[in-house]
Amino acid sequence: MSNLLIEKVKTRLNENNLVFSKKPIVIGGMAMEYYGMRKSGADIDLVISNEDYITLAKQYPDNRKDIYGDLGLVIGEFEIWRSIALLDYNFLRKDAIDEENVYIVSLDRLLLMRVCAMEVTKYRMDLEIMKEYYYKHFRNQNFLQEANLHSMSYDKKGGIVFGGKYEDE
């Protein structure tokens, strides 16, 4: 699935004659789909370097978009940003997955972007999806089994048991 997404981005970049000095970073719904969390929407969200933004903004002055200081461009199905919540390319590039022609924002940075925008219902829902993803892929299953043995005690005691005194044994 992720190969199809990478190919789609590559194809759309070529169709729109979009070239960058640094590989763009895929963020948003397409990054969530890349990780297998949910399907992406119709648009492709990218973060690019400030230098690449300046070059594109000169080429497409009427396509500029400003959301509380996050400067971007809408070109075809792309929303191309120099920052998200004023978090820039260099910050979002950390630990990103290096694909053929793009980076995919890391899970941790993707989570942070959703936290920064959690007042928006769509992104709050994405946080729930991401929580379940983290639980499914990263929770210690042995610890979870052990905790499940004591669910009755947790329910009775507000989630906290002192001194190993479980009421379900």
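Where is the place of Asn 16? Asn 16 is in the loop between α1 (2–15) and β1 (25–27); the views below start from the whole chain and return to this residue at the end.

This is a predicted model in which local features need pLDDT of at least 70 and side-chain atom pairs count only at pLDDT 80 or more, while totals for chains, interfaces and linings use all residues. Residues are numbered from 1 along each chain as its sequence is written, and side-chain values use heavy atoms, with hydrogens and water left out.

**Figure 1. Overview of the protein chain.** The protein chain holds eight helices and nine strands; helices (H or I, at least four residues) and strands (E, at least two) are DSSP runs, numbered from the N terminus. Its radius of gyration is 20 Å, well over the 15 Å that the globule rule gives for 169 residues, so the chain is more spread out than a compact globule. That radius is taken over C-alpha atoms, and the globule rule is 2.2 Å times the number of residues to the power 0.38. Along the principal axes, the C-alpha atoms fill a box of roughly 70 × 35 × 25 Å. Of the contacts between residues at least 6 apart in sequence, 54% join residues at least 24 apart; contact means heavy atoms within 4.5 Å.

Figure 2. Buried residues make up 38% of the 169 residues, where buried means under 20% relative accessible area, exposed over 50%, and partly exposed in between (1.4 Å probe, protein chains only). There are 23 positive and 27 negative side chains, and the centres of the two sets lie 1 Å apart. Lys and Arg count as positive and Asp and Glu as negative, with His and the chain ends not counted; a charge is placed at NZ of Lys, CZ of Arg, CG of Asp or CD of Glu.

**Figure 3. Ile 80 in the largest nonpolar core.** The largest nonpolar core has 41 residues, and those with the most contacts inside it are Ile 80 and Leu 110. Such a core is a set of buried Ala, Val, Leu, Ile, Met, Phe, Trp, Tyr and Cys residues joined through side-chain atoms within 4.5 Å. Ile 80 lies in strand β5 and, at 0% relative accessibility, counts as buried. Setting aside residues up to four places away in sequence, Ile 80 touches Leu 18, Phe 20, Leu 46, Ile 48, Leu 56, Leu 71, Gly 72, Leu 73 and Ile 75. Pro 24 is 56 residues from Ile 80 along the chain, and their C-alpha atoms are separated by 8.8 Å.

**Figure 4. Glu 79 in strand β5.** Glu 79 is placed in strand β5 (residues 78–81). With 19% relative accessibility, Glu 79 counts as buried. Beyond its neighbours within four places in sequence, Glu 79 is in contact with residues including Asp 43, Asp 45 and Lys 65.

**Figure 5. Met 130 in helix α6.** Helix α6 (residues 121–138) contains Met 130, which counts as buried at 0% relative accessibility. Apart from neighbours within four places in sequence, Met 130 is in contact with Met 32, Met 37, Leu 107, Leu 110, Leu 111 and Arg 114. Met 130 and Arg 114 are 16 residues apart in sequence, and 9.2 Å apart in space from C-alpha to C-alpha.

**Figure 6. Tyr 89 in helix α4.** Tyr 89 belongs to helix α4 (residues 89–93) and is buried, with a relative accessible area of 6%. Not counting residues up to four places away in sequence, Tyr 89 touches Lys 22, Lys 23, Ile 25, Val 47, Ile 48, Ser 49, Arg 82 and Tyr 103.

Figure 7. Most residues other than glycine have a negative phi. Tyr 68 is exposed, with a relative accessible area of 83%. Leu 86 is exposed, with a relative accessible area of 58%.

**Figure 8. Asn 16 and its contacts.** Leaving out residues up to four places away in sequence, Asn 16 touches Tyr 60, Ile 75, Gly 76 and Phe 78. Asn 16 and Val 47 are 31 residues apart in sequence and 16 Å apart in space, C-alpha to C-alpha.
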